[in-house]
Amino acid sequence: MDIEWLRSITNLPILIKGVLTREDAMKAVEVGVSGIIVSNHGARQLDYVPATISALEEVVCAVGGKVPVLFDGGIRRGTDVFKALALGAQAVFIGRPVIYGLAVQGEHGVRRVVQMLKDELEITMALSGCSSVKDISRRHVRTEQTPIYVVTSYCALNLCTAQVWLNNLYHNGTAQNRRTI
């Protein structure tokens with residue numbers, strides 16, 4: 001109802017902020033928003049809301065590319081920008097770091113914060129083998145939903161298997177239970 005009213009009084013794009021679940025994302029697309037901002041409003045509005053980075057991928061999957069998904073919350077370093085982009089955000093907002101820079105050194109502080117984030121993002125991209133932002137993908141990050149593998153020159157091990165394998169190697173001098181790639 002509110003989205004319809006907003007659309008009736010403006011031609012500007014309408015973005016909805018505070019989306020943290022698949023259901024809310026699908027509803028936002030259904031009512032015709034132009035974009036979604038994944039945000040928990042700094043977790044100041046409600047105790048125990050999930051971290052925005054934990055909700056991001058669920059929202060991105062629910063939207064399925066129909067509208068842009070932007071990310072707001074927890075960006076403190078260039079690696080945070082990288083992770084958000086890898087999990088599907090098309091852009092990130094940087095609130096607190098900008099406020100901190102402003103408080104310390106005014107405009108120069110803000111410029112310095114933005115430059116630091118840019119530099120850290122570029123270093124992270126280089127270390128991850130990404131020559132452009134378009135190269136950043138889901139395969140560059142691990143989450144609770146992603147199986148983690150220990151990669152050696154000759155095998156990849158699930159971490160549970162890795163423990164057994166390492167114990168056998170330490171105690172028996174043999175590596176049992178290994179899976180080759």
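## Exposure of Lys-118

A residue is called buried when its relative accessible area is under 20%, exposed when that area is over 50%, and partly exposed in between. In this predicted model, Lys-118 has a relative accessible area of 43% and is therefore partly exposed. Lys-118 belongs to helix H5. The C-alpha atom of Lys-118 is separated by 9.0 Å from that of Arg-77, although the two residues are 41 apart along the chain.

## Overall architecture

The chain contains 6 helices and 6 strands.

Of the 181 residues in the chain, 29% are buried. The accessible surface amounts to about 11,900 Å², and carbon and sulfur atoms account for 57% of that surface. When contacts between residues at least 6 apart in sequence are considered, 44% join residues at least 24 apart.

Trp-5, Leu-6 and Ile-9 form a nonpolar surface patch of about 320 Å². Ile-9 is part of helix H1, which spans residues 2-9. The relative accessible area of Ile-9 is 53%, so this residue is classed as exposed.

## Packing of helices H2 and H3

The packing of two helices is described by the angle between their axes and the distance between the axes. For helix H2 (residues 22-30) and helix H3 (residues 52-63), the axes come within 8 Å and cross at roughly 35 degrees. The crossing of H2 past H3 is right-handed. On the H2 side, the contact is made by Arg-22, Glu-23, Ala-25, Met-26 and Val-29. The H3 side contributes Glu-58, Val-59, Ala-62 and Val-63.

## The covered helix H4

Helix H4 comprises residues 78-86 and is mostly covered, with 7 of its 9 residues buried. The buried residues of H4 are Gly-78, Asp-80, Val-81, Phe-82, Ala-84, Leu-85 and Ala-86.

Which elements cover the buried residues of H4? The cover includes helix H3, strand E3 (69-72), strand E4 (91-93) and helix H5 (96-127). Just after H4, Gly-88 adopts a positive phi of about 115 degrees.

Methods
Residues are numbered from 1 along each chain as its sequence is written. This is a predicted model: local features need pLDDT of at least 70, side-chain atom pairs count only at pLDDT 80 or more; totals for chains, interfaces and linings use all residues. Side-chain values use heavy atoms; hydrogens and water are left out. Patches are made of residues with over 30% relative accessible area and no salt bridge: like charges are joined within 9 Å, nonpolar side chains (Val, Leu, Ile, Met, Phe, Trp, Tyr) within 5 Å. Accessible areas come from the Shrake-Rupley method with a 1.4 Å probe; for residues, only the protein chains shown count as cover. A salt bridge is a side-chain nitrogen of Lys or Arg within 4 Å of a carboxyl oxygen of Asp or Glu. Helices (H or I, at least four residues) and strands (E, at least two) are DSSP runs, numbered from the N terminus. Buried means under 20% relative accessible area, exposed over 50%, partly exposed in between (1.4 Å probe, protein chains only). Axes are lines fitted to C-alpha atoms, for helices over the stretch in contact, and angles run from 0 to 180 degrees between N-to-C directions. A crossing is left-handed if the near helix is turned anticlockwise from the far one by less than a right angle, and right-handed if clockwise. Contact means heavy atoms within 4.5 Å.
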